Amino acid sequence: MLTLTNIVAGYGGFRALFNISLNVTAGEAVAVIGPNGAGKTTLMRVISGLIPAESGAIDMEGVSVLDTAPYGIINMGIAHVPENRRLFGRMSVEDNLRMGCFTPQFRDRFEERKTFVYELFPRMKERRNQMAGTLSGGEQQMCAIGRALMSDPRILLMDEPSAGLAPVIVQQVFSLIERIRADGLTVLIVEQNVKQVLRVVNRAYVLESGRLKMEGSAAELLESPAIQKSFMGM
Amino acid sequence: MFGEFTEALFSIFFIETLINGLLLGGVLALLSLGLNLIFGVIDVVWICYAEIIMLGMYTIFFLHVEGGLPLIVAAAGGIGVTALLGWMTHRFVIAYLLDAAPINQLLATGGLLFFFQGAAMVAFGIEFRNLGISLGSLAITEDIYLSWTRLSSFTIAAGVVVVLYLFLKRSYLGAAIRAISQDREIMVLMGVNTKRLYLLTSMIGGGLAGLAAILLALQYDIHPFIGLSFGPITFVICVMGGLGNLVGGFLAAFIFSELITIGGYFADLEWGYVMAFVFFITAMFIRPEGLFQKKS
Amino acid sequence: MNNSFSIIAIGAALLVFPLLGFGGYPLHLVIVILIWSFAYTAWSIMGRFGLVSLGHGAFMAIGGYVTALLWNELGLSPWFGIPTALLCAALVAIIVGYPCFRFRIIGHYFALVTLALSEVVRQVTMATRDITGGSLGYTPERHGDGWSVWAIQFPDDRVVFYYIALAVWAGGIVIWRLVDQSMERYALEAISEDEDASAAVGVKVTREKLKITVLSAVMTAFSGAIYCQYQLFISPDTIGGVGISLQIVFAVVVGGIYSALGPTVGAIITLLLAEVLRIWVGTAEVCISEKICLNVAGIPLLVYGIMLIVFIIFLPKGIVGTIADKWAKRAATMKREQTFRAEGS
């Protein structure tokens, strides 16, 4: 479904990604794990159009993402849950959801998708008129995920969903991700919490200093001594 | 002397003054709406906002008085012209300075101020024009007269505020406008074309200036430099209410208008302005981010 | 070496200029340019440190009006009147500046507060129209028919005023230089970069900002007083108000805010341009058709506005600043080339 070929990207004069090639097939859940500063967030931002790529190609179901205007990428079915949630703090939960299906393509389905998201996250329904900035960390993450789901995406990009959350909440978030996965939604997650994320994905790539160092199924990586030493402190 | 003062305070004319202050407040609130909207969304202050209003007033004048078109049509024309000017201001000036220092943005719109004044002078000359419409007064009681012009200005302003409020709260574009002022960067992820949204906001800001132009044209003479008489007040109201804070600006407008009219009641009109400005400068020291801005 | 020679040459030229017989009008132009250059330099002394004021028209107006009022109403010679006016300007600067700096009002907000100040002064002038003449302007009374050193009036003789204006202007440049080479300059630059960090290392932020503001205000007021004594007529819109405040800022932007002569260059360009346009375009009414008549007197203003927008967008460092940048780049490139050659051989 989504294919990256030899992506090179960075900020100003600083290169963060070197020849990244990866792919996600429909129905799969893929993770990109790696230490801080590896370039994981940069990767997400290149895919969703927040920063341009210097070279390479990104293909979504046959259509080139890099040739699409950044604000048109959501119309291709790529929805991005940004790092640190990035909710519109002074708007209500429901207004945030509304922004999730802003483009004319999705507006007609607002009610239908809203019901879907509220069923998935009953707590969001309770707090639908509350200002998003007053939600707890975990609730904000739910809201951000819900917002991305409003456009009924073909693939969901999640950038460090566990960032800044207490361990108990992190558990809840990943349980939620499992539930979303149960419907067969294709997911690409970038994450620092290796143990949790490998629980919910099929495959994973390891990114270090802007380069892909390893690739394998979730089970393989969980067993791998290298992974256990680097990321799980064993 | 103190006796005179208390007498004046409780006279019927003082009450009339207070009411007039409210009515003036409506117009000032409208003036500040456009400026606050643009600042809240795009983060720039258009120093030339009053001049855009001035050009709107001229448009209405020429369409109605010289062109003989009905006032409603002339008003629509005025709004159209100012909306276009708003669009152009962003497209040809602000868009190139979005990442420049805020002071440069301010100064560039200052350049526009001179440009608009010069253009008005060239096109329309320096004689004072007047719409020549007098709507008479409404007698509330035997002694209190309120001008119809002021009353309708207030009503229209109030109406516009309500419409704008509903637009921002209930429509998709309104939601996007609210959102972009909170997090510009991720609007792209929502599928929003930020450039176009800025242009739209600038158009709306311009259109609001057109509405203000109608109300002002009904009450005041038109001249290339009249922008200088209500421009500074508009900025001051916006800053006092908290730049970008629509509700704050609205409330600040009424405080200001009451100060101006009360000051004008006890002394010359200019002293009213002086009082208002001094109040502003003092208010700035008590609450630099604006009287109504919530401390974040 | 080159520099000193050119300075002496230019200085000599400036000194003999009025004696070369150019006549009244060019002399008048140069005097006006000199006085405004001084005002612009005064503004840039605080503007260069990020303290952008849109209200310096207020100080100019205070300088002019207080001097003239004291002369007309109390017979106080400008020799005493001007210092009084400067004191007033300093007081206003402190009254408005102290709370501003104490409460960290900067950027947009500071600019708009100064704008409001400019308006207050203008409104006060209008409100006291019985004394000040309001928008009709104010004229200092003539003392006798010709020269008067006591009244600092030299009507009909531009030469004397030329030297006065020249001295004032030169004084402004000297003050600019002194500030540039002072310890305060570094403190102020640090403050404009990061106020908190500066305060943390012991810089007395409020005091430094206040000092430079008072200096700038006093100099600007002085320019207003000199202008009044020269023109022997002032009005709220020719010596104060938003228009004048903006004009000051713009001239410095055009010329360059970080150099001593930048404001002067800006003055020469903007004032000459305005004058040229005014003469060339005239004040006629040009009628295109029966009903459409254009008042060409507005063209200078129009061009002025466009010019300023263009400068802000393309040459934000002003003419002097951009040229200085280019020279610096060229010097750096040449130096690099020299190093390469040296290493290569």
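**From one residue to the chains**

Tutor: Leaving out residues up to four places away in sequence, Tyr162(C) touches Pro18(C), Leu27(C), Val30(C) and Ile31(C). Please keep in mind as we go that this is a predicted model.

Student: Ok, and where is the place of Tyr162(C)?

Tutor: Tyr162(C) lies in helix 7 of chain C, which covers residues 158–180.

Student: Is Tyr162(C) buried or exposed?

Tutor: Tyr162(C) is buried, because 22 other C-beta atoms lie within 10 Å, and the cut-off for being buried is 20 or more.

Student: Switching topic, which residues have the most contacts inside the largest nonpolar core?

Tutor: Those are Leu30(B), Ala212(B), Ile62(C) and Ala221(C), in a core that has 274 residues. In soluble globular proteins, nonpolar side chains tend to be buried together.

Student: What is Ile62(C) in contact with?

Tutor: If neighbours within four places in sequence are left aside, Ile62(C) is in contact with Ala85(C), Cys88(C), Ala89(C), Val92(C), Val121(C), Ala221(C) and Gly224(C). Ala221(C), then, is both a partner of Ile62(C) and another of the residues with the most contacts inside the core.

Student: Now helix 8 of chain B: how many of its residues are buried?

Tutor: Helix 8 of chain B is mostly covered, with 20 of its 26 residues buried.

Student: And how far apart are its end C-alpha atoms?

Tutor: The ends of helix 8 of chain B, residues 194–219, are 38 Å apart, and this agrees with expectation because 26 residues at 1.5 Å a residue should span 38 Å.

Student: Let's go to the chains: which pair shares the most contacts?

Tutor: Of the two pairs of chains in contact, that is chains B and C. Here 43 residues of chain B are in contact with 44 residues of chain C. On the chain B side, helix 5, helix 9 and helix 11 each give two or more residues, and helix 5 gives the most, with 18 residues. By class, that side has 35 nonpolar, six polar and two charged residues.

Student: What about chain A, how many residues does chain B put in contact with it?

Tutor: There, 14 residues of chain B are in contact with 21 residues of chain A. The chain B side of that contact divides into nine nonpolar, three polar and two charged residues.

Student: And how far apart are the nearest C-alpha atoms of chain A and chain C?

Tutor: They are 20 Å apart, and chain A and chain C do not touch.

Note on methods. Residues are numbered from 1 along each chain as its sequence is written. Chains are lettered from A and ligands numbered from 1 in the order in which they are written. This is a predicted model: local features need pLDDT of at least 70, side-chain atom pairs count only at pLDDT 80 or more; totals for chains, interfaces and linings use all residues. Two residues are in contact if their C-beta atoms, placed from the backbone, lie within 7 Å. Ala, Val, Leu, Ile, Met, Phe, Trp, Tyr, Cys and Pro count as nonpolar, Asp, Glu, Lys and Arg as charged, and the others, Gly among them, as polar. A nonpolar core is a set of buried Ala, Val, Leu, Ile, Met, Phe, Trp, Tyr and Cys residues joined through C-beta atoms within 7 Å. A residue is buried if 20 or more other C-beta atoms lie within 10 Å of its own, exposed if 12 or fewer, and partly exposed in between; C-beta atoms are placed from the backbone. Helices (H or I, at least four residues) and strands (E, at least two) are DSSP runs, numbered from the N terminus. The expected span of a helix is 1.5 Å times one less than its number of residues.
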